[in-house]
Amino acid sequence: MDEESRTRSQRTIRIGAPIAALIGVLALLSAVAAGHLVAGFVGANASPFVAVGNTFIYFTPNWLKDFAVSTFGSSDKLVLLLSMAVVVLIVAAVAGLASRSKATPGVVFAVVLGLAGIGAVLRAPDLGLAAVLAPTASLAVGVLVFRLLHDRAYAAARQPRASDADHDATPSGDSANTASDSANAAGEDGEHAGGSASAGVASLAQIQQDRRKFIVSSAAVAVGAGVLGGAGQLIASGGGAEASRQAVGGFTVADPAPAIPAGADFAKAGTPTFVTANPQFYRVDTALAVPQLRAQDWQLRIHGMVDREIVLRYDDLRRRPLIERTITMTCVSNPVGGDYISTANFVGVRLRDILQEAGIKPGADQIFSKSSDGWTAGTPVDVVMEPDRDAMLAIGMNGEPLPIEHGFPVRMVVPGLYGYISATKWVVDMEITTFRAAQCYWVQRGWGVKGPIKTEARIDTPAPFGHVTAGKITLAGIAWAQPKGISKLEVRVNRGPWVEAQLAADVNNHTWRMWKVEMEMDAGTKFVECRATDKTGYIQTDERVDPIPDGATGWSSRNFTVTA
Ligand SMILES: Nc1nc2c(c(=O)[nH]1)N[C@H]1C(S)=C(S)[C@@H](COP(=O)(O)O)O[C@H]1N2
Ligand SMILES: [Mo]
């Protein structure tokens, strides 16, 4: 060993790089877990990781959101959480590595992360001041755990005295092998100084004991983080929302939906089933932690430009005459050919009746609804007040209380409008106002103020770039134009003449309509397109338009190969 490195290692103790990185990661995990546990009591969205994720979503520019949705579809939230996890784990490891001799960089990192969590919680629209306890717990635990593990690793990284080091070369005790293994892990290889009377040395026995202490505390931190985080998860989801949902029981529907006629779908030919089962129903929302509301706590305040304020509770709602309607919901973000469209039998109360009781003042044109997590939608008053629209406050979906991710206990459903301006889930507030006075969540982000659903169609079969044998080939799919209804669907192959498809039984103008057509085809590559005509006589435009600002247009098309 040369003179220079010897004096350096005598002056400074450095924790081994892998151990330093591990300390950063363990401190991070324990901080996140502690915050998650406290969030179990003060609100799931207060969990620092969730709060930062939600803040990220809130500030996500449209291009990034479009990219995420088109690339990852409904896994976009999972991808966001995973990317955040990867980034923050790397930063934690780097902070650990920067703290090999001094704890300061790691402590600073823990404080900065904690402050970011506090900021995110303060921004969250649905969280009270108590929610700050969650990221504060993260900050405190992050700093404490980092310091603790750092102290232990630091002690364990001291060099054995020269005499002991020699001794170490010929292990004799039964635990000697394990001890020297962990010595390699905790100490810095290749920097064993031979010096004796410096601060960086201790007796071998002392060092071995420090190493054991470090290993035990690291393991305890890892296990503890798992237990705290898991407990937080349990408490947050055991807030009683699912239990409350189970306890709701059946509904007495005064005005049930007509039975779906046989032949309303062409599922055997490759279309979706007419009614979408709840677990398959598309889901779009900004909520990283799904709001967990209990029916017994729920209330909806209707206020603003009304003659009488109304406060509705769940039992008030379900005791009213309930209607059931088969409705196809559509997302404005649905690209041509996309699958953000589903159909369900919704049970609820006609919103028009409730608003008539409240008495809408002249001049009010917007129903500004808000969810428990602060998301907002602005719905045209005139649409909701149309007698045949059957816009509703829905409490049931396909014979069950609303699933939690679809808005339990109560959501809005307005046939014929895209969800982003009408379908508020977990709805808790409704202000009657004007479009001039307030802008809802997506309108603030550049989307259209009014969101009528556009006449569109989709090819479902044959599969894109699939291979089919020559002969009679079935094309099938869906078309929709809520609230107008579909009157015709045509397809054409390789830009040939339009051929009319067979339409399935018509259920109502607020739902999709399935189509299929059998065509004789010989071998070759095929390019098929379809276009719908709605009941006003309007033929769907072929102009390709992006979802933003008010819904995609264009013909759904598909390439496939017919083999002889
Ligand atoms: N609270 C809340 N409600 C919401 C949203 C949301 O982000 N938060 N997204 C809306 C959008 S864009 C659509 S398309 C529908 C989707 O409803 P679903 O998830 O039940 O299919 O919900 C609407 N309601
Ligand atoms: Mo949407």
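Are Tyr314 and Phe408 buried or exposed?

Mentor: Both Tyr314 and Phe408 are buried. Keep in mind that this is a predicted model. Now for the wider count. Across the whole structure, a search turns up 12 aromatic pairs. Phe281 and Tyr282 make one of them, and this pair is stacked. Their ring centres are 5.6 Å apart, with 15° between the planes. A stacked pair needs planes under 30 degrees apart. Phe281 and Tyr282 are both buried.

Your pair has another geometry. Tyr314 and Phe408 are tilted, at 6.4 Å centre to centre and 55° between the planes. The cut-off for pairing is 6.5 Å between centres.

Next, the cluster. Seven residues are listed in one aromatic cluster: Tyr58, Phe59, Trp375, Tyr420, Tyr441, Trp442 and Trp447. Look at Tyr58 in particular. Arg123 lies over the face of Tyr58, 4.4 Å from the ring centre. Arg445 also places its charged end over the Tyr58 ring, at 4.5 Å from the centre.

Gly24 is in helix H2, which covers residues 17-42. Gly24 has a relative accessible area of 5%, so it is buried. Beyond its neighbours within four places in sequence, Gly24 contacts Ala92, Gly96 and Phe146. Thr328 gives a sense of span: its C-alpha atom is 50 Å from that of Gly24, and the two residues are 304 apart along the chain.

Finish with a sheet. Four strands form an open sheet in the order S14-S16-S20-S19, with antiparallel pairing. Strand S14 (456-461) and strand S19 (502-503) are at the edges. Each has a single partner strand, so one side of each lacks a neighbour in the sheet. In general, the strands of a sheet pair through backbone hydrogen bonds, either parallel or antiparallel. Here S19 pairs with strand S20 (residues 513-521) in the antiparallel sense, over two bridges. In one bridge, Gln502 has Lys516 of S20 as its partner.

How values were computed: Residues numbered from 1 in each chain as written. Chains lettered and ligands numbered in written order. Predicted model: local features only at pLDDT ≥ 70, side-chain atom pairs only at ≥ 80, totals over all residues. Heavy atoms only, no water. Phe/Tyr/Trp six-rings, centres within 6.5 Å; stacked < 30°, edge-to-face > 60°. Buried < 20%, exposed > 50% of the residue type's maximum accessible area, 1.4 Å probe, protein only. Lys NZ or Arg CZ within 6 Å of the ring centre and 35° of its normal. Contact = heavy atoms within 4.5 Å. Pairing = 2+ DSSP bridges.
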